[in-house]
Amino acid sequence: MQVIGAGLGRTGTLSLKTALEELGFGPCYHMEEVVLWHPEHIDTWLDALHGRPVDWKTFFKPYQATVDYPGCNYYQELMAVYPEAKVILTVRDPEKWYESAYHTIYAISKVIPSWLKYLNPQRAKLSKMINEQIWQRQFSNFENRTQSIATFNQYNEAVKQYVPPERLLVFEVKQGWEPLCQFLGVPVPKDKPFPHLNDTAEFRRRVQFLGLIRWLAPLSALIGIAASMALVGYWLRSKRD
């Protein structure tokens, strides 16, 4: 592990992940790893959440960097395990951060259907982990804008106070390659724009889609049950005839 991302979600972490991998610090761990590729990792993050021991060196052996949730919540533990790793705190305007987070990662947590636990228990476990780690423990009431922004600012200040200045880069992705490459001691990529990914508009479209699925799936199931009952009724009537 060479780079530890301490920045919270919706501060440009996916853009940073892509940039780090472009610079040779990959693979880079990100929440997408858990959601898309490695749902089996959920149990490890639940162990960390509940204070059970985690073998971080074994867990992160395939990775050279980590950014975003859930790793950012354990930057102190990871710094102790990887004393040579550098720390990047991604930041952005707090008001814009709240708007983005509220309409994306918070909104999507509200449209995950309750019936999912019956179809995919592991995904339901992921939803529970995210809710407990982020929305209950870290922010407690994300609906409260003022309180959440204060928590965001306090978290960022705590990182700045904890991480030695020589190990820390406070970084906004709009700054581009130069400060990042200088901090990491690598050349700036030629003729390659800094990546800007996972914008709020695209994420909101995903939220709307999930919200539609939340209502359509149970409706489809009811239609299926009604159709099945109709077929059974028809079969019974035909037998009587």
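**Entry 1: terms and source**

I start with burial: a residue is buried under 20% relative accessible area, exposed over 50%, and partly exposed in between, using a 1.4 Å probe and protein chains only. The model is predicted, so I note its rules: local features need pLDDT of at least 70, side-chain atom pairs count only at pLDDT 80 or more, and totals for chains, interfaces and linings use all residues. Residues are numbered from 1 along each chain as its sequence is written, and side-chain values use heavy atoms, with hydrogens and water left out. Helices (H or I, at least four residues) and strands (E, at least two) are DSSP runs, numbered from the N terminus.

**Entry 2: helix α8**

I looked up which residues of α8 are buried. They are Leu-126, Ser-127, Met-129, Ile-130, Glu-132, Gln-133, Ile-134, Trp-135 and Gln-138. I recall that an α-helix has 3.6 residues a turn, so residues three or four places apart point the same way.

What covers the buried residues of α8? The cover includes α2 (31-37), α3 (42-49), α6 (94-110) and α9. Contact here means heavy atoms within 4.5 Å.

Next I checked the length. The expected span of a helix is 1.5 Å times one less than its number of residues. For the 18 residues of α8 (residues 121-138) that should be 26 Å, and the end C-alpha atoms are 24 Å apart, which agrees.

I also found a kink of about 30° in α8, centred on Asn-131. The bend at a residue is the angle between axes fitted to the seven residues ending there and the seven starting there.

**Entry 3: after α8**

Ser-140 follows α8 and sits in the loop between α8 and α9. Ser-140 is not a glycine, yet its phi is positive, about 60°.

Glu-143 is in the loop between α8 and α9. Is Glu-143 buried or partly exposed? Glu-143 counts as partly exposed, at 45% relative accessibility. Leaving aside neighbours within four places in sequence, Glu-143 touches Tyr-98, Tyr-102 and Tyr-106. From Glu-143 to Tyr-106 I count 37 residues in sequence and 9.3 Å in space, C-alpha to C-alpha.

**Entry 4: the sheet**

In what order do the 5 strands of the open sheet stand? I read β2-β3-β1-β4-β5, with parallel pairing. β2 (28-29) and β5 (168-171) are at the edges with a single partner strand each, so one side of each has no neighbour in the sheet. Two strands pair if DSSP finds at least two bridges between them. β2 and β3 (residues 65-66) have 2 bridges, in the parallel sense. There, Cys-28 stands opposite Ala-65 in β3.

Two helices lie across strands. Helix α10 (residues 177-184) lies across β1 (3-5), β4 and β5, at about 175° to β5. Axes are lines fitted to C-alpha atoms, for helices over the stretch in contact, and angles run from 0 to 180 degrees between N-to-C directions.

**Entry 5: loops and cysteines**

A cis peptide bond joins Gly-26 and Pro-27, with omega about 0°. Pro-27 is in the loop between α1 (13-22) and β2. The bond from Tyr-69 to Pro-70 is also cis, and its omega is near -10°. Pro-70 lies in the loop between β3 and α5 (75-81). Asp-68 is in the loop between β3 and α5. Asp-68 has a positive phi of about 70°, although not a glycine, and is buried at 7%.

How many disulfides are there? A disulfide is a pair of cysteine sulfur atoms within 2.5 Å, and the count is 0. Cys-28 is buried at 0% relative accessible area. Cys-72 counts as buried, at 0% relative accessibility.
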